[in-house]
Amino acid sequence: MYDLIIIGSGPSGLTAGVFAACYKLNHLIIGKQIGGQLNLATNILNYPGFSEIPGPKLVELIVAQTKTRGSEIVTEEVIAIKKITDGFNVITKNSTFQTKVLILATGTERRKLNVPGEVKYTGRGVYYCANCEPFLYEGKEVVIAGGGNAGLQAAVSVIDKAKNVTLLEVGEQLRAEGVWIDKIKNNPKVVILTKSKIVSIDGDEQWVRNIVINQNGEQKTLTAHALFVEIGGVPGTALVTPLGLELTQKGFIAVDHTMQTSIPAVFAAGDIVGDGLSLEQLSTAVGLGARAAASAFFYLKRTNAPIVWGKAEIRRV
Ligand SMILES: Cc1cc2nc3c(=O)[nH]c(=O)nc-3n(C[C@H](O)[C@H](O)[C@H](O)COP(=O)(O)OP(=O)(O)OC[C@H]3O[C@@H](n4cnc5c(N)ncnc54)[C@H](O)[C@@H]3O)c2cc1C
């Protein structure tokens with residue numbers, strides 16, 4: 001039986017692994033995709049120590065550090081978690097692992113627009129990762145939904161190859177950090193439309209051709225060959241719903257300031273816990289991962305006995 005299993009191998013889970021290794025916990029990281037969303041980040045400008053670094057490069061560095069410290073990583077999807085007398089069974093397609101303590105760091109899934117045409121054209125003009133599909137927008141008219149950091153990063157990564165880029169933001173102004181806005185604001189190939197919401201996605205039998213938007217009450221049709229949806233993530237809590245964990249009103253896992261969830265011996269960290277400030281970012285994720293690992297360590301020290309199931313009180317700060 002492991003002392004600790006960390007589910008999720010994004011930046012938060014990997015950082016929890018670095019700390020768990022430093023605490024000498026017998027631990028395992030299980031994740032579907034090493035690096036998580038960091039693989040989608042074109043260029044990170046706000047992570048201390050690197051004035052600019054592509055997300056996948058940072059993933060390599062974090063994984064190397066995690067392995068050097070002694071973490072064991074298994075690349076698999078966890079399909080179920082079951083309570084047992086003195087801990088948990090963590091079940092993947094191929095194996096069952098046992099642990100005394102859990103850290104959930106399963107991040108978020110890409111948020112969908114939920115408009116007509118989205119499902120039909122997904123993969124045929126509608127994409128959720130500008131960075132992953134560079135050949136799809138060469139010489140094309142591109143629309144990007146989302147005026148946050150991810151939307152602006154997408155615009156920066158496609159702008160050289162695309163014929164033009166229309167960036168849609170539902171609010172009155174862009175939400176991205178100024179450093180990203182500076183990179184596109186004077187580019188003649190970029191049009192920014194605020195107060196603009198996508199109503200539907202239209203096309204022929206094969207591909208997207210038009211995006212219908214509502215701009216401040218007025219309906220307009222934009223020509224588009226590719227639509228990148230960059231409107232953030234929704235917490236992926238399906239795995240933990242059967243455990244009966246308390247969630248926040250917005251659907252994130254509820255934790256106290258030690259990352260303790262409503263079930264003893266279960267901690268959570270990273271984007272899956274949100275933070276109430278919409279700062280689901282790398283620095284936040286690694287900080288919370290570190291804190292969860294420290295809490296797991298002190299929990300194990302404190303409870304040198306079989307875990308007693310019950311509902312823990314969440315102390316909010
Ligand atoms: C396009 C884009 C650009 C970004 N740019 C920046 C930036 O410039 N600066 C910045 O600070 N932040 C940026 N971010 C945000 C940053 O990447 C996230 O805040 C961070 O990755 C969150 O880390 P996490 O470990 O909590 O979750 P994630 O990165 O989402 O990792 C969660 C991991 O858990 C795994 N997982 C989920 N369910 C299961 C399961 N059932 N079994 C096993 N594994 C599972 C997932 O596969 C994933 O590997 C960007 C995000 C995107 C999408």
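The shell around the ligand draws residues from both domain 1 (2–109 + 233–302) and domain 2 (118–229), so the ligand lies between them; the domain bounds come from an automatic or database domain assignment. This is a predicted model, in which local features need pLDDT of at least 70 and side-chain atom pairs count only at pLDDT 80 or more, while totals for chains, interfaces and linings use all residues. Residues are numbered from 1 along each chain as its sequence is written.

**Around the ligand**

- The shell holds 37 residues, of which Gly8, Gly10, Gly36, Gly107 and Gly270 come nearest; a residue is near if its C-beta atom, placed from the backbone, lies within 6 Å of the molecule.
- By class, the shell has 14 nonpolar, 19 polar and four charged residues. Here Ala, Val, Leu, Ile, Met, Phe, Trp, Tyr, Cys and Pro count as nonpolar, Asp, Glu, Lys and Arg as charged, and the others, Gly among them, as polar.
- At least two shell residues come from each of helix 1 (11–22), strand 2 (27–31), helix 4 (149–158) and helix 6 (282–302). Helices (H or I, at least four residues) and strands (E, at least two) are DSSP runs, numbered from the N terminus.

**The two domains**

- The centres of domain 1 and domain 2, taken over C-alpha atoms, are 31 Å apart.
- Five residues from domain 1 and eight residues from domain 2 make up their contact, where contact asks for C-beta atoms, placed from the backbone, within 7 Å.
- On the side of domain 1 that touches domain 2, three residues are nonpolar, two are polar and none is charged.

**Helix 1 with helix 2**

- Helix 1 packs on helix 2 (residues 55–69) at an angle of about 25°, with the axes 9 Å apart. Axes are lines fitted to C-alpha atoms, for helices over the stretch in contact, and angles run from 0 to 180 degrees between N-to-C directions.
- That makes the two helices roughly parallel (under 35 degrees; over 145 is roughly antiparallel, 65 to 115 roughly perpendicular and the rest oblique).
- Pro11, Leu14, Gly17, Val18, Ala21 and Cys22 of helix 1 meet Ile62, Val63, Gln65, Thr66 and Arg69 of helix 2.
- That contact counts seven nonpolar, three polar and one charged residue.

**Helix 1 with helix 6**

- The axes of helix 1 and helix 6 come within 7 Å and cross at roughly 40°, and the helices are therefore oblique to each other.
- On the helix 1 side, the contact residues include Ser12, Thr15 and Phe19, and those in helix 6 include Leu282, Val286 and Ala293.
- This contact has 13 nonpolar, four polar and no charged residues.

Technical notes
Contact = placed C-beta atoms within 7 Å.
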